[in-house]
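Please keep the structure open while reading.

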Amino acid sequence: MAEPSILEMQGARPAKPAAPMSIYINRWITGLVTQRNPFVQSGGRPDYRFYGGRPDTLIDGLNMEVTNSGTLKRRPGFSSFSSGTFPSALLSAYSFIQILPGGSTSLSIMASTKSKVYTVTSGATTQLFSNADGVQAQTFFHGVGKYLYFGHGGSDLKKWANDAQSVTNWGIVAAGGSGSSTSAYAGAGQTDTISGGSSSQTGVGSSFANVSIGSETIYGQGYSSQGPWSSGSNTQVLDGVYATCDVSFDALGGTDYEETDYLRITGLGLSLPGGATVTGVAVTLQGLTTAKLSGAGSAAWVDGHVQLVKSNVIQSTDRGLTGAGWGGTNNYGSSSDTWYGVVAGDIDSNFGVAVTAAGQVTAGGTELTPTYRVFIDYVAITVYYTTPSLSWTTPNGIAGAPNHGGSPAYTSITLSGTSPNLRAITYGFSVSGGVVGIGLVLAGYTSGGSFTVNAQLMTGGVAVSSVKTATFNGGGAGADTSITLGGSTDNWGYAWSTTAVNSSGGNIAVQLTVTSGASATCNFDSAQLVVYTSTALSSPGFSGTGLTGTYQYCYCLGNSVSGHVGSPSNIITVTPSNQGVQLSVTGSTADAQVNQLRVFRTKAGGAIFYEVPSLVTSYSTGTQTVTDTTADGNLLTQNIAPTGLTNNPPPAGMTVYEFHANRLWGAVGNIVYYATGPDIVLGNPQEAFNPLNTFVFPTNVYGLLSTSQGLLVFTADDVHIIRGTISATAAIAGASGVVFYARQFIPNLGVLSYNAVWQEGNQIYVFSNTSQLVQIDATGVNEPGFAIGDLLGLINPANAVVTSHVGGSKDKAVYVSDGNSTIYRLNPNQAPEGGPVWSAKATVTGGVGWIGSLYTALGTRQLLIAQGGSGTNHLFYRNPNLYSDNGTAYSCYATLGNLVLALPGQLADVHFITTEAVATGTKPAVSVLLDEISGTFEALPNSVNDPPDLSASNSLYANRFYLTQGQAPVVTRSVQIKVSFPAEASPNELLTLTVNAALYPE
């Protein structure tokens, strides 16, 4: 049965003579809905049949908003936030609320271009910092207490305190720096072999979706589908916790056939090695059972469909329909069954299986209506595959300095996946002093594609360091290219001793993965290792009397203002005999914040380094000599040296900062780092980054958000979560709490822009890598952007910017920008009905780049946008009391439709359209598009007061627009209505719209 027309909903009936009816719209609460059939307004079937539909649905518009009060109004304009300008486009801004001693606060607005950081006031922009490394990228900010921490493109990592008016390094490097370096080339190479042969992997699904199959025919009978399934993730473990689906039967005088919806299981955690060939796939269903919930009669149950899922699409090959009972365990496929022809490239997070169960009830003369619950406890897929053998050729070709293919020749491998390890050994180091950094230089060339190089350092034949990653591509035979990993202050996350560096048995391990090209060749010519050492604290002399026993010493560099200290220098051991210990400190640092030399010592025969109070002195470059005669009982036992790497500065390249679990977090590529924080023994908790405090994710990290559930990590492919309250180091030291751990949180929801994630209270808005606006809250993930998904799909996800703004109950919304010219506004919970409502798009005069909602004064929040051209870049704010963009007026309009006034076989006489608008600026103009879904609108230039028999209102523009000047009405079946206002700085606001028409048969 067809839905009623919109005139019929108002009570019109086709008859002659026809009585006109009015479609009266006085609440604009549906908003813009473009992803739909243009003849169907938003809303469900009950809206159409019982509540008059949603005739206020917009199909198009420009620069008009559905206000939070339910009217249509010209959007507010943007005014200059500061009279100062910027030399290039702004990429980010931040509100720094500084907590001063005594608990008072101050607020500073920070803004960054591709190379500079500024403080911004209403009257000026003041350059605070200019990057020194040539990197041109976005700056990231985060304030904690007194300090603002920021990183320009992640390279220049700095901190700033407004009251001090100075910028210093974020963190202090280890004492002593890199006083000297020693390098050596590999003396030999060894290669592991990845043996070929047969193998298998079994995966269990971590996500599910309910997909209706509609009507199916099984065993010659018509089955109808029912659902949905619930708790599909319960199929991960065979534990008596089930995924379930309820199915109802109705049989009278025959047989009723019913089938569940598909239960689709994906996210299996399968990852085949490079070069693998799939030979078969097997599916296991366990814990299959049913239970009757109610009703008379019994159902017989068998298996339904069992089909593989590729790229989230259910494939046609079906291994179900076997008639196997729905009980116990069912197996499908085998080690030699590739179903539709599965290949290794299909095995990803979107690969899986979809299954159904089918039942039947046969009745005689009595109606049988049982309801059953269908159970599945466990679903698994086993993929069988073969792999070729892989090994590097001419492993000793990596030995010695580059010889461009001489003897021995290059060490080479050709592959389409991941290589075995290549180990370079026998470097023959004999270093002394403290090891402060290690660099690795690999030389050679590639052909046919590029590689991701994963390198680790080894000692005694065992890999001990963190993994470092770089891209290797280019060069040619006899024309090597090179890459460098690590450096003069990089210890690769390992506390190196001279013994570990000097040991034999191998010092590096290199593994490659092809990142482009179906098959590529890597040729290594040499592997040079550079060890940077410091002898900043050297063997002492002795003088006078004082100490007896065996002591160990180290020192740290410090800052008296922040109270922070860096990681310690090398350690020396001395054994005085009733003598004062003279320490010779040699070193230099370019870090201007360093103004303290802080010396630490063990008690006689002890192992804990306590501060020597008499040796907290001013630091100067060159060589300093200090003398220690402090008795063990006078050491500052409350000040313990931050031994190891716990007080290292944050890693270079760190971006996307967040404060969580009482510490700062950030990311470098796909690695998340966290500060030592409250686990620190001495120094500023937010400046100490132990390089061992990391989590590695499969793809690059674009956002971090602290929630009550944990720290959400937004990557290019998925959302992960880090839970826990303390670090592993703190746990070892005896602290209580859950150690940090990471797990996948939301699969297949990735982002590609640092600005695509925004948190507003317990709501998180994400512009995904598939150009969808999704919302994450306690109920799960939903898509408020679906209504205009076709428009959002035009936005490049790498350029998207999302923000939420709350400027009071009348001005709160979520905004999505394409980073160029267009903004879309969403009220996520429109009164009085609730639910997401989109306004027409806004095109800001002069364009729009970055957009964000910031506190611009304590208690005052404003929506800011960045725009401008060469040398004229500005920061603007949304001005709710002004309706021009920096003095430039703009036009606006909203289009309703299509209003389906009559169904086939009917016609509608459209007599007139009325508008009621606030009496300000120009009266609204009305134009119509009849019986079309696109085309040129016909203006209705003439209007009279509405109603014509009454005097005109002083506060309203109440106008009636007749569709014809003559007596004959306009006949149509559907209409789009455009209400427009000219370019003027006026708060034009449409309150109501009415369509008066009559319905009659053809």
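The points below are grouped by topic.

This is a predicted model, in which local features need pLDDT of at least 70, side-chain atom pairs count only at pLDDT 80 or more, and totals for chains, interfaces and linings use all residues. Residues are numbered from 1 along each chain as its sequence is written, and side-chain values use heavy atoms, without hydrogens and water.

- Strand S50 (residues 655–660) is largely enclosed by the rest of the structure, because five of its six residues are buried (under 20% relative accessible area, 1.4 Å probe, protein chains only).
- S50 pairs with strand S51 (residues 663–668) in the antiparallel sense over four bridges; pairing requires at least two DSSP bridges.
- Phe659 has Leu664 in S51 as its bridge partner.
- Two residues separate S50 from S51 in the hairpin, and Ala661 in the turn has a positive phi of about 55°.

**Surface patch**
- Phe39, Val40 and Ile933 make a nonpolar surface patch of about 250 Å² (residues with over 30% relative accessible area and no salt bridge, nonpolar side chains joined within 5 Å).
- Phe39 is found in the loop between strand S1 (21–25) and helix H2 (45–50).
- The relative accessible area of Phe39 is 38%, which makes Phe39 partly exposed (between 20% and 50%).

How values were computed: Patches are made of residues with over 30% relative accessible area and no salt bridge: like charges are joined within 9 Å, nonpolar side chains (Val, Leu, Ile, Met, Phe, Trp, Tyr) within 5 Å. Accessible areas come from the Shrake-Rupley method with a 1.4 Å probe; for residues, only the protein chains shown count as cover. A salt bridge is a side-chain nitrogen of Lys or Arg within 4 Å of a carboxyl oxygen of Asp or Glu.
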